[in-house]
Amino acid sequence: MSKWDFALNRSITLDGEWEFYPNSLLVDHPLTIDEAYRKQRSERSYIQVPSDWSSLLSPQDHRTNGYASYRLRIRIDAERQQSYALRMAGIVSASAVYVDGRRIGHSGQPAIAEEHYISRNVPYTVSFTTENDEIDLVVHVANYDDTLKGGILESIKFGSEAAVNSEQTISTNMQWLMCFFLLIHIIYGIVLYVVGLREKSLVYLWLAACFAIMITLVDDHRLLFHFLPFHYEWFIRLFQWSYLGVALFLMLGLREILPKYATGRFVRYFIWVITFYAIFVLIVPAKYSVWAIPAFYVVYTLLFLYIPVVTFRTVMNNYEDALSLAFVATAFSTNVIWGLMKNAGLIENVYYPIDFFAAFIAFAVFWFRQYLRTVQQTKNDAIKLQQADKMKDEFLANTSHELRTPLHGVINIAQNVLEEERGSLRSENVQNLEMLISVGKRMSFIINDLLDFTQLREGRVLLKLEQVRVQSLASGVLDMLRFMIKGRPIQLIMAIPDSFPPVQADEKRLVQILFNLVHNAIKFTDEGTVAVRAEIHQEMAYIYVEDTGVGMDEELQRRVFRAYEQGDVNRIASVGGIGLGLNICKHMVELHGGSLFVQSTVGEGSVFSITLPLSRAMDVQEDNRLVSPHVAASMPNEQMDDSSGSISLRHQMHHKLKRQILIVDDDNVNLKVLADMLPAAQYVVDTAWSGSEAIAMLDKKQWDLIIADVMMPMMSGYEMTTLVRKRYSLSELPILLLTARSNPEDIHSGFMAGANDYVTKPVDALELRSRVQALTDLKQSVHDRLRMEAAYLQAQIKPHFLFNALNSITALSTIDLDKMNGMIDAFSLYLRYSFDLLNAEKFVSIEHELELVRSYLYIEQVRFPDRLEVVWDVEFSTEVLLPPLTIQPLVENAVRHGLMKRAQGGVIRIVIREDAQALHINILDNGVGMDKELAAQLLDGDGDAQKGIGLSNTDRRLKQLYGKGLRIDSALHQGTTVSFSIITE
């Protein structure tokens with residue numbers, strides 16, 4: 001090579017015959033190199049480089065393990081100052097390079113003894129300079145690991161340092177570029193998978209690319225081993241695993257992409273063979289596993305023959321993107337063929353990644369086209385799903401509306417049959433009807449949930465945000481649902497303090513939220529408590545609905561707020577529902593700017609937490625009332641002392657034509673608005689801030705109507721109505737409830753508590769006035785009927801009483817004319833007062849009433865002088881008005897049914913006393929008396945006129961006017977005391 005210009009030409013391969021010295025390391029010989037050459041000349045042979053050395057190293061058994069020296073002398077032009085380089089690759093499995101007896105590089109440590117030997121088959125480059133015309137190149141090689149081949153198996157490149165390094169840099173950079181290229185494919189594959197293309201074939205693509213990176217790092221320049229000092233045995237394993245991984249995951253990916261074509265026995269057998277071979281490489285030492293490499297090459301080649309066949313079949317069948325797959329298969333097959341030719345030594349060992357690049361680019365094109373097609377299909381499917389979902393919502397909404405009317409009809413018919421025919425129906429039929437009503441109401445709840453859900457989905461739910469007191473709503477909701485715990489060991493607790501500030505919310509929707517949560521808590525609680533409490537955190541109100549029910553596991557907690565989501569199927573079947581309630585609650589709370597979440601433990605219960613913003617209008621104070629809770633809100637010029645309800649003549653004349661209205665609400669703004677809606681010329685309006693305050697005010701005035709809000713703290717409108725009904729009937733004191741919701745369950749709860757009517761908030765002024773007028777007219781008509789009834793009863797003088805009085809007058813005409821005249825005067829007074837038109841008035845003076853009593857008693861004393869004794873104990877100074885025919889019926893009842901039942905008669909005492917608050921009237925007799933049951937029947941109206949002239953009528957009128965009726969204390973054979981009070985304060 002003395003004529004070769006190394007500066008202008010590329011490197012050359014030192015292929016050809018080399019001197020070969022088996023079982024000898026020349027440079028390490030104790031003699032000089034020349035002496036070693038001469039001594040070993042007899043053993044010297046020539047070997048073709050590159051080739052396997054087994055036939056020359058051990059001609060008898062062709063073993064590959066051992067050591068030897070390769071020698072080559074290269075003539076150059078020494079006059080040219082030149083740096084040279086050698087590229088050493090494919091030397092199994094340890095080598096050292098010597099130039100002119102000087103060691104210039106190595107990979108591993110070749111040695112005569114195996115214990116001194118270090119294997120490391122990594123390509124390397126060595127540089128050197130020389131002043132000689134001849135380069136004496138010696139390569140020591142040792143191999144104690146690879147039992148298949150040994151020696152220099154790849155070409156050694158020689159040239160100028162610049163040329164060798166340039167070629168090496170280009171080849172190395174190409175390998176790094178290939179790794180980066182494959183890494184990009186892995187990243188975009190992961191991205192596609194994460195964004196929604198969840199296909200197994202994409203995962204197989206990642207894994208095939210990962211193993212392809214491993215091939216790039218362990219083959220050719222073996223870049224990985226420059227950084228990690230792996231033993232040669234691990235190089236063999238990683239080398240085989242990388243190719244096995246690519247083969248396995250390409251086949252799996254092909255089967256997923258083309259399930260119609262890449263199936264059958266060949267695919268299954270191939271996957272099993274690759275899997276078993278990978279396990280074999282792992283457990284068998286490398287020196288033995290290398291003998292299976294030829295078989296592996298056969299299997300590997302079959303794969304890349306099979307892939308083109310399959311892809312070209314797809315092309316023939318017009319499969320979408322089949323050309324891209326065919327191009328991928330062709331590129332992979334070309335790469336495999338190139339590798340096989342390179343390993344067979346048929347071509348120069350040059351790294352050639354172009355087909356690999358092309359294969360993955362084509363594969364990327366295929367996947368992106370698949371992804372874009374999938375995205376487009378997803379869009380189309382989404383549009384179809386949205387249309388179907390809209391149609392479903394419309395169907396549900398229309399169906400719900402259509403079902404509501406006939407369903408309510410079924411419920412109403414069943415209720416009517418049950419109420420009217422309960423006595424004639426068999427118990428089984430009664431139970432069936434009750435079950436029918438229960439199922440119908442459950443279906444009604446479901447229909448309402450469907451309608452709310454549809455409105456939420458369509459964004460048609462509009463909130464009317466205002467200042468709302470949670471205490472009031474919680475108390476009302478608990479009362480509405482109290483019927484669900486009858487007969488069950490469950491306690492409902494309202495633990496929100498009265499001082500808790502109001503929140504910014506839609507009252508109707510907040511009631512719906514609390515109703516659903518409490519209803520849900522009661523359904524899933526067998527025993528224990530269901531409590532509502534609240535606290536403040538960071539300017540937000542936290543409202544908790546707690547129960548000691550069955551609880552939920554973590555999985556159910558994660559999905560409990562989804563639409564149509566339900567818990568335990570068996571439990572749901574018994575309590576009903578379709579799983580929309582909590583979803584509706586969550587959306588409603590979020591519309592308010594809050595959140596709804598749950599914490600639960602199985603077997604211990606659940607806590608549903610609502611967060612709502614506090615009301616910005618925080619200027620409502622505890623004592624900011626409308627003048628006074630007892631002052632008419634709509635009458636600022638009214639005299640305050642006239643609101644006390646006294647029955648003085650001046651008071652009665654002043655309010656003769658006005659109806660007395662009591663409005664009960666815990667919100668002063670609502671009190672003011674409601675009071676202003678009622679004309680002051682027609683109504684006297686008083687206000688109360690709570691149900692308990694309203695109950696206390698019942699005894700202070702005769703009320704024509706109570707208007708009460710359902711949602712009030714401590715005592716709800718339902719509870720207050722129930723307490724009022726214990727004293728007054730529906731006609732004696734009407735109650736109009738204000739409710740934020742008009743759902744059937746709310747209305748039912750109000751009527752069951754004893755309400756006469758209801759108005760939905762926000763209140764329409766015209767509607768309120770109309771309902772108030774109707775109820776007060778009802779009250780007045782009933783009151784008038786009672787007065788007319790009393791007057792009528794009094795006017796119906798008993799024939800025997802008239803006959804006896806006339807007989808007494810006749811008898812006295814021959815005996816005692818003075819008594820006869822007195823009898824005639826008393827009888828005429830009795831008749832005149834009995835038929836007096838004042839008896840139809842609302843009030844008469846007490847003197848008018850007492851004159852009637854005196855005339856009656858005079859007549860009876862004349863008739864029974866020895867059996868009737870009258871004692872008057874009357875002390876009062878105030879001009880008092882009282883309802884007509886209140887004392888006289890009691891006196892007559894005492895005489896006829898008490899004293900006259902005794903043969904010896906008795907004494908009747910009429911006691912009237914006055915104090916600062918009231919006039920107290922007592923009628924006492926020592927007659928036959930009665931038991932408590934008979935007294936209760938008299939006041940309940942079970943008696944007839946023969947047992948007293950309208951005792952029940954008198955009792956009801958007194959209750960209407962003063963809140964309290966007659967009091968009867970009696971004992972058999974001891975006498976009776978009947979008393980009542982007329983408030984005069």
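How many helices and strands are there in the protein? The predicted model holds 29 helices and 31 strands.

**Figure 1. Overview of the predicted model.** Of the 985 residues in the protein, 51% are buried. The protein exposes about 46,700 Å², and carbon and sulfur atoms supply 57% of this area. Among contacts between residues at least 6 apart in sequence, 74% join residues at least 24 apart.

**Figure 2. The open sheet of strands E14, E16, E17, E19 and E18.** The five strands are arranged in the order E14-E16-E17-E19-E18, with mixed pairing. Strand E14 (490-494) and strand E18 (595-601) each have a single partner strand and stand at the edges, so one side of each is left without a neighbour in the sheet. From one strand to the next, the twist averages 15°.

**Figure 3. Strands E18 and E19 with helix H17.** E18 and strand E19 (residues 605-613) run antiparallel and are joined by seven bridges. Gln 599 has Val 607 of E19 opposite. Helix H17 (residues 581-591) lies across both E18 and E19. The helix runs at about 135° to E18.

**Figure 4. The largest nonpolar core.** This core has 74 residues. The members that touch the most others are Val 477, Val 503, Leu 517, Val 518, Ile 610, Val 664 and Ile 706. Helix H14 (residues 507-523) gives the most to the core, with nine residues. A second, separate core has 71 residues, including Leu 202, Ala 208, Ile 274 and Phe 366. In soluble globular proteins, nonpolar side chains tend to be buried together.

**Figure 5. Surroundings of Ile 706.** Which residues are in contact with Ile 706, leaving aside its neighbours within four places in sequence? They are Leu 662, Val 664, Leu 698, Met 720, Val 724, Leu 733, Pro 734, Ile 735 and Leu 736. Val 664 is, like Ile 706, among the residues that touch the most other members of the largest nonpolar core.

**Figure 6. Strand E7 and its two antiparallel partners, E10 and E8.** Six of the six residues of strand E7 (residues 94-99) are buried, so the strand is largely enclosed by the rest of the structure. In a regular strand the side chains alternate between the two faces of the sheet. On one side of E7, Ala 94, Ala 96 and Tyr 98 are buried, and on the other Ser 95, Val 97 and Val 99 are buried. Six bridges join E7 to strand E10 (residues 134-143), where His 140 is the bridge partner of Ala 96. Five bridges join E7 to strand E8 (residues 102-107), where Ser 107 is the bridge partner of Ser 95. E7 and E8 form a hairpin with two residues between them. Asp 100, in the turn, has a positive phi of about 55°.

**Figure 7. Val 281 in helix H7.** Is Val 281 buried or exposed? Val 281 is buried, with a relative accessible area of 0%, and has its place in helix H7 (residues 265-283). Not counting residues up to four places away in sequence, Val 281 touches Arg 237, Gln 240, Trp 241 and Leu 244. Val 281 and Ile 236 are 45 residues apart along the chain, and their C-alpha atoms are separated by 8.8 Å.

**Figure 8. Strand E21 and its pairing with strand E20.** Six of the six residues of strand E21 (residues 683-688) are buried, and the strand is mostly covered. One side carries Tyr 683, Val 685 and Thr 687, and the other carries Val 684, Asp 686 and Ala 688. Strand E20 (residues 659-664) pairs with E21 in the parallel sense over six bridges. Asp 686 of E21 stands opposite Leu 662, a residue that is also in contact with Ile 706.

**Figure 9. Helix H27.** From its first C-alpha to its last, helix H27 (residues 887-899) reaches 17 Å, close to the 18 Å expected at 1.5 Å a residue. Of its 13 residues, 12 are buried, so the helix is largely enclosed by the rest of the structure. The buried residues include Glu 892 and Arg 896, along with Ile 887, Leu 890, Val 891, Val 895 and Leu 899. Gln 888, Pro 889, Asn 893, Ala 894 and Gly 898 are buried as well.

How values were computed
Residues are numbered from 1 along each chain as its sequence is written. This is a predicted model: local features need pLDDT of at least 70, side-chain atom pairs count only at pLDDT 80 or more; totals for chains, interfaces and linings use all residues. Side-chain values use heavy atoms; hydrogens and water are left out. Two strands pair if DSSP finds at least two bridges between them. Helices (H or I, at least four residues) and strands (E, at least two) are DSSP runs, numbered from the N terminus. Axes are lines fitted to C-alpha atoms, for helices over the stretch in contact, and angles run from 0 to 180 degrees between N-to-C directions. Contact means heavy atoms within 4.5 Å. A nonpolar core is a set of buried Ala, Val, Leu, Ile, Met, Phe, Trp, Tyr and Cys residues joined through side-chain atoms within 4.5 Å. Buried means under 20% relative accessible area, exposed over 50%, partly exposed in between (1.4 Å probe, protein chains only). Accessible areas come from the Shrake-Rupley method with a 1.4 Å probe; for residues, only the protein chains shown count as cover. The expected span of a helix is 1.5 Å times one less than its number of residues.
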